[in-house]
Amino acid sequence: LVVENIETKVLSVPPPILSRCFQEIANGMVQFHEAVKISTIPFPFPYAQCCECLLVVHWFLVAIIVSQWANDPFWAFVFSFIQV
């Protein structure tokens, strides 16, 4: 697209700036292909199961501990279920 517009004189860009544009486009494509390689690597199943188990344990323990810690049921609900 860039080359076609330069040939038709739609873009009149000096050669150093044009080569820098091509270099940046090439760098973007390299980074894109690096990201594709990372996304195709499967997530380890044991790690996913461990994370899921720890989240369930956290879900139960926070409710129990906060109910003992907070005096008002409203605040116990807020501290237990409105976490960031």
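Select E24 to start: E24 is partly exposed, with a relative accessible area of 41% (buried is under 20%, exposed over 50%, partly exposed in between, with a 1.4 Å probe and protein chains only). The model is predicted, with local features requiring pLDDT of at least 70 and side-chain atom pairs pLDDT 80 or more, while totals for chains, interfaces and linings use all residues. Residues are numbered from 1 along each chain as its sequence is written, and side-chain values use heavy atoms, leaving out hydrogens and water.

R20 is partly exposed at 47%. Both residues lie in helix α2 (residues 15–40), four residues apart, about one turn of the helix; helices are DSSP runs of H or I with at least four residues, numbered from the N terminus.

Move along helix α2 to E34 and K37, three residues apart. Their closest N and O atoms are 3.2 Å apart, in a salt bridge. E34 is partly exposed at 36% relative accessibility. The count of salt bridges is two.

Next, select S80 in helix α4 (residues 73–81). S80 is buried, with a relative accessible area of 12%. A polar atom of the S80 side chain lies 2.8 Å from the backbone oxygen of A76. Leaving aside residues up to four places away in sequence, S80 touches V62, A63 and V66, where contact means heavy atoms within 4.5 Å.

Conventions: Helix = DSSP H or I, 4+ residues; strand = E, 2+ residues; numbered from the N terminus. Polar contact = N/O pair within 3.5 Å; in protein donor to acceptor, adjacent residues only side chain to side chain. Salt bridge = Lys/Arg side-chain N within 4 Å of Asp/Glu carboxyl O.
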